[in-house]
Amino acid sequence: MASSERSYFAGLDIGGTTIKSVLVDEKAEKVTDIVEVRSLVDKGYLSTFDQLEEALGLLAKDAGITVQQIRGIGLDVPAANSDGVIWGKANLASDWVGKNIRQLFSERAGVPVYMTNDGNAAALGEYFVRRKHFGSLMYVAPGTGLAGGLVMPAGEIYNGSNGLALEVGHISVPFREEDGELPFCSCGWHGCLEAWVSLVALRRRIKLELEKDVWKDHPLNAVDAPIEEKAFMLRDFAESNDELAIQIFKQQGYIFGYGLADLIRVFDPGLVVIGGGLAETSFRETYLQWVLEGFEERAWPIYHRSPIEQDTFTTRFEWALGGDSAGALGMAFAAKEKFG
Ligand SMILES: [Zn+2]
């Protein structure tokens with residue numbers, strides 16, 4: 001077959017600052033590197049459509065094909081949506097809300113579009129990069145928030161009836177601050193899992209700890225940097241075994257595992273993939289041990305090891321493989337599955 005007749009499928013992952021995109025062929029093989037363009041989500045959806053078209057043009061150019069050979073698109077946004085209808089604006093401009101973005105972009109691009117949220121997209125990416133994995137997979141990623149997604153066997157995402165499933169960051173966990181208060185969550189409530197394990201939680205915890213007498217000589221107290229930067233620096237400290245950094249990440253990991261135990265009790269996914277920035281650190285295996293401590297505290301033993309074959313795990317934990325390309329890859333694979 002001449003290359004001009006071949007079909008390709010694009011994955012477009014819309015983030016707050018960049019749009020990441022990638023192209024796969026009919027065999028779900030990646031044919032381009034990740035192409036990034038600026039995200040203009042705060043300028044409205046039409047400005048974003050222009051950026052998406054630019055990304056499609058760049059992908060086609062990289063692959064040496066025409067845009068018309070792209071026969072289907074997978075698209076994800078950092079906001080709750082039901083088959084493309086945006087429920088709430090998150091960090092998008094307000095003109096997105098209530099619009100059927102999937103349909104509008106499909107009409108503009110002239111090809112079918114599949115659409116979901118960013119957590120689901122990354123979950124699909126992690127499922128499809130594990131080519132030999134055929135069971136279900138739960139994806140959880142502590143970042144600014146705590147994203148999640150559940151892929152069922154055969155690669156179908158569990159969206160829920162309204163596209164609102166797997167908001168894993170907002171299950172409640174029974175942990176309180178030292179003053180007895182439940183920590184405030186970005187969703188407006190208190191005591192959510194996300195309020196303990198996200199980057200936002202890390203910033204709060206660092207601030208609280210650095211004000212204590214015991215850490216008054218900690219090097220982070222001598223650094224003149226905003227708390228956001230200190231939160232990133234804490235990873236380097238953990239990598240060099242700093243006592244404060246270890247204490248903070250240990251608490252985060254433990255509570256994360258404790259919360260995961262409830263999610264695993266509900267979904268029994270078999271495989272849990274952990275994404276987010278921690279997946280890129282050199283202390284991630286230590287962190288995972290803390291996650292497992294919290295998990296084993298809360299979960300029945302049967303949710304970790306088989307009671308019949310003691311060496312067999314009923315739930316396995318793995319680090320993400322897709323990095324920050326997982327969303328774009330997941331959407332390209334999903335487009336190929338649905339429209340190929
Ligand atoms: Zn919350």
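Strand β8 (residues 137–142) and strand β11 (residues 271–274) pair in the parallel sense over three bridges. They belong to an open five-stranded sheet with mixed pairing, ordered β10-β9-β8-β11-β12. A second open sheet of five strands, also with mixed pairing, has the order β3-β2-β1-β4-β7. The protein is divided into domain 1 (3–130 + 324–339) and domain 2 (137–320).

This is a predicted model: local features need pLDDT of at least 70, side-chain atom pairs count only at pLDDT 80 or more, and totals for chains, interfaces and linings use all residues. Residues are numbered from 1 along each chain as its sequence is written.

**Terms**

- Helices (H or I, at least four residues) and strands (E, at least two) are DSSP runs, numbered from the N terminus.
- Two strands pair if DSSP finds at least two bridges between them.
- Residues are in contact if their C-beta atoms, placed from the backbone, lie within 7 Å.
- Axes are lines fitted to C-alpha atoms, for helices over the stretch in contact; angles run from 0 to 180 degrees between N-to-C directions.

**Sheet β3-β2-β1-β4-β7**

- The order of this open sheet is β3-β2-β1-β4-β7. Its edges are β3 (35–38) and β7 (113–117), each with a single partner strand, so one side of each is left without a neighbour in the sheet.
- Direction ignored, neighbouring strands of this sheet are turned by 20° against each other on average.
- Strand β4 (residues 70–77) and β7 run parallel, joined by five bridges. In this pair, L75 stands opposite M115 in β7.
- Helix α3 (residues 118–129) packs on the sheet, where it touches β1 (8–14), β4 and β7. The direction of α3 makes about 110° with that of β7.
- Helix α10 (residues 326–339) also packs on the sheet, touching β1, β2 (18–25), β4 and β7. The direction of α10 makes about 140° with that of β1.

**Helix α3 against helix α10**

- The axes of α3 and α10 lie 6 Å apart, and the helices pack at an angle of about 75°.
- α3 and α10 are therefore roughly perpendicular to each other. Angles under 35 degrees count as roughly parallel, over 145 as roughly antiparallel, 65 to 115 as roughly perpendicular and the rest as oblique.
- From α3, the contact uses D118, A121, A122, A123, L124, G125, E126, F128 and V129. They meet A326, G327, L329, G330, M331, F333 and A334 in α10.
- By class, the α3–α10 contact has 11 nonpolar, three polar and two charged residues. Ala, Val, Leu, Ile, Met, Phe, Trp, Tyr, Cys and Pro count as nonpolar, Asp, Glu, Lys and Arg as charged, and the others, Gly among them, as polar.

**Domain 1 against domain 2**

- The domain bounds come from an automatic or database domain assignment. Taken over C-alpha atoms, the centres of domain 1 and domain 2 are 28 Å apart.
- Domain 1 puts 16 residues into the contact, and domain 2 puts in 18 residues.
- On the domain 1 side, β5 (81–82), α3 and α10 are the elements that give two or more residues. α3 gives the most to that side, with nine residues.
- The side of domain 1 that touches domain 2 has seven nonpolar, five polar and four charged residues.

**Helix α8 and its partners**

- Helix α7 (residues 227–239) and α8 have axes that come within 8 Å and cross at roughly 105°. α7 and α8 are therefore roughly perpendicular to each other.
- L234, F237 and A238 of α7 make this contact with A245, I246, I248 and F249 of α8. The α7–α8 contact residues divide into seven nonpolar, no polar and no charged.
- Helix α5 (residues 199–210) and helix α8 (residues 243–267) have axes that come within 11 Å and cross at roughly 135°. α5 and α8 are therefore oblique to each other.
- In the α5–α8 contact, A201, L202, R205, I206 and E209 in α5 meet L244, I248 and Q252 in α8. These residues divide into five nonpolar, one polar and two charged.

Definitions and conventions. Contact = placed C-beta atoms within 7 Å.
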